[in-house]
Amino acid sequence: MKRMREAETAASEIRSAIEELSLFGVNLKIGCTTVPAAAAASVAAADTDTDIHTQTSSTTTTTSTQHHVHIKPFLSLCNILIQILDKIGPTMAVLRQDIHQNIQRLEKFHDSDPSKYWDVVEILKKEVNEGKAKKGPTCSKAFVWLNRSLDFTRALLQLLVKDLGKNMEEAVEESYATTLKPWHGWISSAAYKVAIKLVPDSQTLVDILKVKDEDNVMLKEEMQNLVALLVPVLDQNNEILRMYQLDKLKST
């Protein structure tokens, strides 16, 4: 009975994620804006993790497509990911903890002025302009890692859509290698290496994700829908991170 309730909850969370992602569609690529080159230069100067070098003047601006990331639906989506990870079990505790802490950081900043910081991009602008985006536990870093965690989820779901019977340890390791590992230092990599060895087998995960009377074909369709909605959101977020030179951040 407990496993059945967990399965129904997890599957409903997949559908909830689809609903949250559908809210992003109307918010993608609106208008045009200019990003001060001085802000970009301040980011590059503060960057100690990458080899980004820029030459700009204080009067130069670069024109780019305007984006908005509505913080409430974005964080709701991340919270749904946490709930799904909880159903998978303690093996994903490291990823879960990172996601939870990053959600809290963005929520706290939003709550300081909800009328202004309803948009994650406004938070990034503030930290970049103040030269704080890459110093310490910032909201900019939180957004980077939440986006990467969602990308890890996207990669894993894509592999499972292709083959629900795929070895889960291999699937998680492959997804991790292409989304999170390039940005992890040796400490984080070591923690994930241990976690990967403890993932449930593929059949257990499928049982968790399916609801009563749902077959594998229906589950794969839901997962495909989730991936299809997630990809353009990730693409936009990655474009925003590149715009503010935050896409190369690494951990310890």
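## Where H6 meets H7

Arg148, Asp151, Phe152, Arg154, Ala155, Leu156, Leu159 and Leu160 of H6 are in contact with Met168, Ala171, Val172, Glu174, Ser175, Tyr176, Thr178 and Thr179 of H7. Sorted by class, this contact between H6 and H7 holds nine nonpolar, three polar and four charged residues. The model is a predicted one.

## How the two helices cross

Two packed helices are described by the angle between their axes and by the distance between those axes. Here, helix H6 covers residues 139-162 and helix H7 covers residues 168-179. Their axes come within 9 Å and cross at roughly 140°.

Angles over 145 degrees count as roughly antiparallel, and those from 65 to 115 as roughly perpendicular. H6 and H7 are therefore oblique to each other. The crossing of H6 past H7 is right-handed.

## The chain around them

The protein chain has 10 helices and two strands. Along the sequence, their pattern reads α-β-α-β-α-α-α-α-α-α-α-α.

Take the contacts in the protein chain between residues at least 6 apart in sequence: 79% of them join residues at least 24 apart.

## Burial and surface

The protein chain has 252 residues, and 50% of them count as buried. Its accessible surface comes to about 12,500 Å². Carbon and sulfur atoms account for 52% of that surface.

Note on methods:
Residues numbered from 1 in each chain as written. Predicted model: local features only at pLDDT ≥ 70, side-chain atom pairs only at ≥ 80, totals over all residues. Heavy atoms only, no water. Axes fitted to C-alpha atoms, helices over the stretch in contact; angles between N-to-C directions. Helix = DSSP H or I, 4+ residues; strand = E, 2+ residues; numbered from the N terminus. Parallel < 35°, antiparallel > 145°, perpendicular 65-115°, else oblique. Left-handed = near helix turned anticlockwise from the far one by under 90°. Contact = heavy atoms within 4.5 Å. Nonpolar A, V, L, I, M, F, W, Y, C, P; charged D, E, K, R; others polar. Buried < 20%, exposed > 50% of the residue type's maximum accessible area, 1.4 Å probe, protein only. Areas by Shrake-Rupley, 256 points an atom, 1.4 Å probe, with all protein chains shown as cover.
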